[in-house]
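Welcome! Here is a short briefing to read alongside the structure.

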Amino acid sequence: MKISRDCPVCGRKNESVSKLTMHLRTHTGEKPFECTVCNKKFSQRSHLKRHLQIHTGEKLFECMVCNKKFGEGGGLRAHIRSHTGEKPFECTVCNKKFIRGPTLRVHLRTHTGEKPWECTDCNKKFTQNSDLRRHLLTHTGDKPFECTVCNKKFNRGSTLRVHLRTHTGEKPFECTVCNKKFTQGGNLRVHLRTHTGDTSL
């Protein structure tokens with residue numbers, strides 16, 4: 001019979017002394033397991049083991065549908081929802097649904113106005129760290145995305161993808177009125193005004 005052990009800090013019941021020991025680290029901040037590669041520390045051995053896959057590149061979890069591999073089981077579970085269409089995380093404000101919990105948390109900031117990521121150069125704030133990283137390129141002038149056809153460089157991957165259409169001739173945005181096609185959605189929106197008569201900017 002498993003004997004529960006109560007946490008003296010929050011009263012949580014634990015199945016065993018070892019589980020209590022692990023739980024107590026959430027209060028003490030103790031992280032006894034250290035990565036020998038980057039010195040990052042963890043409160044549990046299993047967390048360190050999972051982290052090490054970042055350095056080894058090992059991906060043990062494979063999707064049975066498309067064979068894509070993941071370093072963590074959580075990543076695979078979230079990916080499988082892209083096949084099933086399941087979106088278990090729902091916004092309580094607008095009822096929009098998401099595949100992943102972190103995506104919902106970022107989305108909620110559109111309602112709260114929270115922008116926790118701030119540029120140290122100009123103090124502009126962002127809802128996502130990825131948006132901040134992209135913004136920082138405007139200060140550094142770094143253009144890491146290069147066209148393999150003409151070697152033109154861009155500071156955004158999305159801008160490079162649009163540029164590549166000038167080489168491929170791809171025009172994925174089609175007018176539903178006259179079937180004219182465009183390389184960018186913005187150009188299609190401007191074009192649609194010729195049908196609606198909307199002259200606003």
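Is glycine 197 buried or exposed? Glycine 197 is exposed, because its relative accessible area is 54%, where exposed means over 50%, buried under 20%, and partly exposed in between, using a 1.4 Å probe and protein chains only. Before we go on, please keep in mind that this is a predicted model, in which local features need pLDDT of at least 70, side-chain atom pairs count only at pLDDT 80 or more, and totals for chains, interfaces and linings use all residues. Residues are numbered from 1 along each chain as its sequence is written, and side-chain values use heavy atoms, with hydrogens and water left out.

**The chain as a whole**

- The chain holds 7 helices and 14 strands; these are DSSP runs numbered from the N terminus, with helices (H or I) of at least four residues and strands (E) of at least two.
- Its radius of gyration is 24 Å, whereas a compact globule of 201 residues would have one near 17 Å; the radius is taken over C-alpha atoms, and the globule rule is 2.2 Å times the number of residues to the power 0.38.
- Along the principal axes, the C-alpha atoms fill a box of roughly 75 × 45 × 40 Å.
- Take the contacts between residues at least 6 apart in sequence: 0% of them join residues at least 24 apart, with contact meaning heavy atoms within 4.5 Å.

**Surface and charge**

- Of the 201 residues, 22% count as buried.
- The chain has 39 positive and 18 negative charges, and their mean positions are 1 Å apart.
- In that count Lys and Arg are positive and Asp and Glu negative, while His and the chain ends are not counted; each charge is placed at NZ of Lys, CZ of Arg, CG of Asp or CD of Glu.

**Annotated domains**

- An unreviewed UniProt entry carries the annotation "domain: C2H2-type" for several stretches, including residues 5-32, 33-60 and 117-144; such annotations may be inferred rather than shown by experiment.
- Over residues 33-60, the chain is 43% helix and 14% strand, with the end C-alpha atoms 22 Å apart.
- Residues 117-144 are likewise 43% helix and 14% strand, and their end C-alpha atoms are 22 Å apart.

**Two asparagines with positive phi**

- Asparagine 95 sits in the loop between strand E7 (89-90) and strand E8 (97-98), and its phi is near 65°, a positive value in a residue other than glycine.
- Asparagine 95 counts as partly exposed because its relative accessible area is 48%.
- Asparagine 151, in the loop between strand E11 (145-146) and strand E12 (153-154), has a positive phi of about 65° although it is not a glycine.
- Asparagine 151 has a relative accessibility of 48%, so it counts as partly exposed.

- Proline 8 lies in the loop between strand E1 (5-6) and strand E2 (13-14), and is exposed at 68% relative accessibility.
- Leaving aside neighbours within four places in sequence, proline 8 is in contact with Leu20 and Leu24.
- Glutamate 30 belongs to the loop between helix H1 (17-28) and strand E3 (33-34); at 42% relative accessible area, glutamate 30 is partly exposed.
- Not counting residues up to four places away in sequence, glutamate 30 touches Arg25 and Ser43.
- Glycine 197 is in the segment after helix H7 (185-196), and its C-alpha is 35 Å from that of asparagine 155, 42 residues away in sequence.
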